[in-house]
Amino acid sequence: MSTADTVRDGSVREGFVHDGSVHDGSVRERTSARRAAASWHADPYVRALHAGRGPLFLRRADGWMLPLDVERWCADADAADRTVLRRCQGPILDIGCGPGRLVAALALHGRPCLGIDVSQAAVARTVHAGGPALCRSVFEPLPGEGRWGTALLIDGNIGIGGDPRALLARVAQLMAPDGLLIVEAAAADVDERVRVRVDDGRGDMGTAFPWARVGARALLHHARAVGWSLVEQWTARDRGFISLRYTPPVPRSGTEA
């Protein structure tokens, strides 16, 4: 798949997405929202992506560190990933696509898809792997709003922005009617909002930014609070996934008290 084969209106057609931000494989920033995500432009993360390996961690202020599986992110989609890809329907938006293994796998099979990420290095690697991608925050205007058949929040990306409910509400705005959201939940029964830094384990760290970790029980609680309903829950290779559909609230009639 080539990002040069695109349409101009931001729609999704024959597997391609375009809004002028990717041209001939180049990537450029557009708004201050991405500049606010400076940690994902920081040297430890960029170096890890260029090398295709860690060590790399998210470090809390109290010193606790969450290992990041850079090697898996930079490899091809694995068996657990394929359980996600088989469930995708319609055009697919991978939110926080990282180095793009899922987008590349979808594109290889001719599926209409787009990856978005605030890291230029991640987006460049996705484009190089053959997946269409934009350097964009999910909270910025996006191509195809209201028309995506599936959205993905994989590899802990429910943590984006540090507020799972706000993120889930934003994703609902992006979906087509009856669209499907697939989320990877934390393995632990956890529901935390923290500030973290990208840390290479050798003393080099990025700037602090908000993040969240959410296990399956907490994820379902937050999802239902903003109108998402459970479709399916499964485990593959010790990774837990949940699929959801959005049910818009029924408007109250003027006669209701």
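Buried residues account for 53% of the 257 residues in the protein chain. The model is predicted, and the chain averages a pLDDT of 86, with 81% of the residues scoring at least 70. Its secondary structure comes to eight helices and 15 strands. Among contacts with a separation of 6 or more, 62% are between residues 24 or more positions apart.

**Confidence**

- Over residues 1-36, pLDDT stays under 50.
- The model has 75 contacts beyond four places in sequence for residues 1-36.
- Where pLDDT is low, the predicted coordinates should not be read in detail.

**Salt bridges**

- Side chains of opposite charge can pair when their charged atoms come close.
- The whole structure has 20 salt bridges.
- Arg-101 and Asp-81 form one of them, with 2.8 Å between the closest N and O atoms. Arg-101 belongs to helix H5 (residues 101-108) and Asp-81 to helix H4 (residues 79-85), so this pair ties together parts that are 20 residues apart in sequence.
- Are Arg-101 and Asp-81 buried or exposed? Arg-101 has a relative accessible area of 7% and is buried; Asp-81, at 1% relative accessibility, is also buried.
- Asp-155 and Arg-239 meet in a salt bridge, 3.5 Å from N to O. Asp-155 sits in the loop between strand E10 (148-153) and helix H7 (164-174), while Arg-239 is in strand E15 (residues 239-246); the pair links distant parts of the chain, 84 residues apart. Both Asp-155 and Arg-239 are buried.
- Glu-192 and Arg-213 also meet in a salt bridge, at 3.0 Å from N to O. Glu-192 is part of strand E12 (residues 191-199) and Arg-213 of strand E13 (residues 209-214), so the pair ties together parts that are 21 residues apart in sequence. Glu-192 and Arg-213 are both buried.
- Which residues are linked in a network of salt bridges? They are Asp-69, Arg-72, Asp-78, Asp-81, Arg-101, Asp-155, Glu-184 and Arg-239. The network therefore takes in Arg-101 and Asp-81, whose pairing ties H5 to H4.

**Helix H5**

- Seven of the eight residues of H5 are buried, so this helix is largely enclosed by the rest of the structure.
- The buried residues of H5 are Arg-101, Leu-102, Val-103, Ala-104, Ala-105, Leu-106 and Ala-107.

**Second largest pocket**

- This pocket has a volume of about 390 Å³.
- Its lining has 23 residues, and Ala-77, Arg-101, Ala-104, Ala-105 and Leu-106 lie nearest its centre.
- Which element gives the most to the lining of the second largest pocket? H5 does, with six residues.
- At least two lining residues come from each of helix H3 (70-74), H4, H5 and helix H6 (120-128).
- By residue class, the lining of the second largest pocket divides into 13 nonpolar, four polar and six charged residues.

Conventions
Residues are numbered from 1 along each chain as its sequence is written. This is a predicted model: local features need pLDDT of at least 70, side-chain atom pairs count only at pLDDT 80 or more; totals for chains, interfaces and linings use all residues. Side-chain values use heavy atoms; hydrogens and water are left out. A salt bridge is a side-chain nitrogen of Lys or Arg within 4 Å of a carboxyl oxygen of Asp or Glu. Helices (H or I, at least four residues) and strands (E, at least two) are DSSP runs, numbered from the N terminus. Buried means under 20% relative accessible area, exposed over 50%, partly exposed in between (1.4 Å probe, protein chains only). On a 1 Å grid over the protein atoms alone, a cavity is a set of points where a 1.4 Å probe fits but cannot get out, and a pocket is an open set with protein on both sides within 12 Å along at least five of seven lines; lining residues have an atom within 4 Å of a point. Grid points are joined across faces, edges and corners, and a volume is the space filled by probe spheres set on the points. Ala, Val, Leu, Ile, Met, Phe, Trp, Tyr, Cys and Pro count as nonpolar, Asp, Glu, Lys and Arg as charged, and the others, Gly among them, as polar. pLDDT is the predictor's confidence in each residue, from 0 to 100. Contact means heavy atoms within 4.5 Å.
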